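I opened this structure today and kept short notes as I went. Please have a look at it first, then read along with me.

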Amino acid sequence: MDTWIRGGLLITPKGSYRAEIGIQNGRIARIETAQRESAGQVVDAEGKWILPGIVDVHTHMELPVKGAVSADDFASGTRAAACGGVTTIIDFSLHRPGGSPIDCFRKRRRAADGRVAVDYGLHAEIVDPTDEVLGEIPSLVEEGVTSVKLYLAYGRDGRMVDDGQLYAVLRQCAEAGALVMVHAENGSLADALTDELIRTGRTDPTAHPDSRPNIVEQEAVQRAVAIARLAGGALYIVHMTTREALEVLREAHRRRDPVWAETCPQYLLLDESVYAREDGLQYIATPPLRSPDDQQALWNGLAGGHLSVISTDHCPFTAEQKKRGGDRFDRVPSGLPGVETSLTLIHSRGVGGGHLDPNRMVAAMSANPAGIFGLYPQKGCLREGSDADLVIFDPDKEFVISADDLHMNTDFSPYEGVSGRGAVIMTMLRGKVIVREGQYCGSAGDGIYLTRKSFDVQACLAEVPV
Ligand SMILES: [Zn+2]
C-alpha cells in the first residue's frame, strides 16, 4: 500500500463502521476491519470520521450574470472546494442562442483543464434547442456530458425554453442516455410580478421573494413533471425551495416517475427575513430564500429521501458586484458563495440540529449525486476499487465562519459569524493529499475532467422512496 488511514469511522449511506483504508495508485485498494501490517505511510484518523469526498453537482465558476462575472474562476473556486471537502464538482458549459453545444463544451474545458484543484465534469446548458442543437446531444453523451440543463425562467436573458422545447429535449435525451435538469420557475410570471413591483415602487431587496413566490416554483415543477411523463423522459429539478414543489415531487414518486431533485444549503439555513437587512441585496439568489416553514419541509424532504441531493449552486459575487444593480433588486447579479462551507454547515445544522443523520448526509452530498450523474462507484463511495477521494472530518471541532478565513474569491459570507461544529482536517483526491490540517497544499491541475457514464434510469429509480 502507498498509504493506510487508521482509526477512523467510515461514514457511508448504509451505516458507519470502524475500518482501515489502504490506498494504492490513487484508488481505495483495501478496506480492513482488523489491523494489518503497515507498509507505506500511515495517516492517523483516530477519533475522526472518514467521508467519501463531497460531489457538488451544481457550481457556476466564472459565469457571466447581469454584467458581472461570478467571482470564482475554475482555479480559485476548486481550491475553495477542496478546503471544504469537495473532491468533484459538476459545472456547466455556457450556451447562447445560435451556438453549438459541442463548441461550448470544448470552450469550457479549455477554461478548466490544467487549472482545477479537484476533478470536474460538465452539464450542457441548452438555451436554444433547434434541430441542429438537439442533433448534437448524442455527441455530448460520447464526451461524457450526460446531463442537459434547461431554464424555464430568464426569458429576458434569452435563456428560457418553452413547453414544446422542453418536450423535445426530454425525448432526445431519453434516447441518447442523458438526464434533463430544469431550473423550474415560471419565467413569464416572475417577469410580470417583477414589473408590477417595480411600477409600484417596490425596488428594494424585500421585493425579491415577492417577485417569485412559491407558486412560481410549484407551477413550473408541476408542468415539467407532466411534460416529462408525456415525453417518457427523466427529470432532475435543481435548487428546489418550497413546500408546495416538494408535494408535487412526492406525488411523482408515488407514481414511480423518474424525477429527482436537489436543494442547497442556503435554502435550508437562511430565510427571507435577511432581505430586510441593510445588506439584504447580498442575499439575492434565484429562487429567493423562503420561509422557516419551507425550510422545515426541505429538511423533511431530505430525511425522507424525496430530495436526493444537496448541491450548492455556488455562484459568488463580491459586495461591490452585488451593488452594481443600484437600488433595483432585479438588477443585482443573483447568486451566493457556498462550495467551501456546505459540508461543515450541513453537518453542523443538519446533523447537529437533528434533521439528518450522518449517513443521510453522505448519501445526499456524495453517493446520490455521483449515482444520478454517472460517476458511481468511481466517485461518491468508500469501496475497494473506487477513487481514493476522501475527507477526514473532525465532527467536534468548533468553527466560526468569517469571509476572511475562506478561500472563495468573495469578500463576504452569507453565514458571517455563524458558529458550529465540524471541520475538514484532510482532503485527499485520488490518493493525493490536497488539504492538510485544514490548509490547502495541492496544486493547480490536480483535478481532471471526468467522462461521465450515460444516465441509468433504472439504477437511479431504485434509490427513490415511494
Ligand atoms: Zn445554478
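**Notebook: cysteines, a helix, a zinc site and strands**

I began with Cys104, which is buried, with a relative accessible area of 14%. Buried here means under 20% relative accessible area, exposed means over 50%, and partly exposed is in between (1.4 Å probe, protein chains only).

Before going on, I noted that this is a predicted model, in which local features need pLDDT of at least 70 and side-chain atom pairs count only at pLDDT 80 or more, while totals for chains, interfaces and linings use all residues. Residues are numbered from 1 along each chain as its sequence is written, and side-chain values use heavy atoms, with hydrogens and water left out.

**Cysteines.** How many disulfides does the structure hold? I found zero, taking a disulfide as a pair of cysteine sulfur atoms within 2.5 Å. Cys104 is in no disulfide, and the nearest cysteine sulfur, in Cys173, is 15 Å away. I then looked up Cys460, whose sulfur is 14 Å from the closest cysteine sulfur, that of Cys381, too far for a bond. Cys460 also counts as buried, at 7% relative accessibility.

**Helix α2.** Helices (H or I, at least four residues) and strands (E, at least two) are DSSP runs, numbered from the N terminus. I checked the length of α2, residues 101-112: at 1.5 Å a residue its 12 residues should span 16 Å, and the end C-alpha atoms are 17 Å apart, which agrees. The expected span is 1.5 Å times one less than the number of residues. Among the buried residues of α2 I listed Cys104, Phe105 and Arg108. What covers the buried residues of α2? I found that the cover includes α1, β11, β12, α3 and α4, with contact meaning heavy atoms within 4.5 Å. After α2 comes Gly114, with a positive phi near 85°.

**Zinc ion.** Which residues coordinate the zinc ion? They are His58 (NE2), His60 (NE2) and Asp313 (OD), at 2.1 Å. Donors are N, O and S atoms within 2.8 Å of the metal (3.2 Å for Na, K and Ca); water is not among the atoms, so sites may look incomplete. His58 lies in the loop between β8 and β9 and Asp313 in the loop between β17 and α12, so the pair ties together parts 255 residues apart in sequence. Both His58 and Asp313 are buried.

**Strands.** I saw β7 and β18 run antiparallel, joined by four bridges, with Leu51 opposite Val391. Two strands pair if DSSP finds at least two bridges between them. Eight bridges join β18 to β19, also antiparallel, and there Val400 has Ser419 as its bridge partner.
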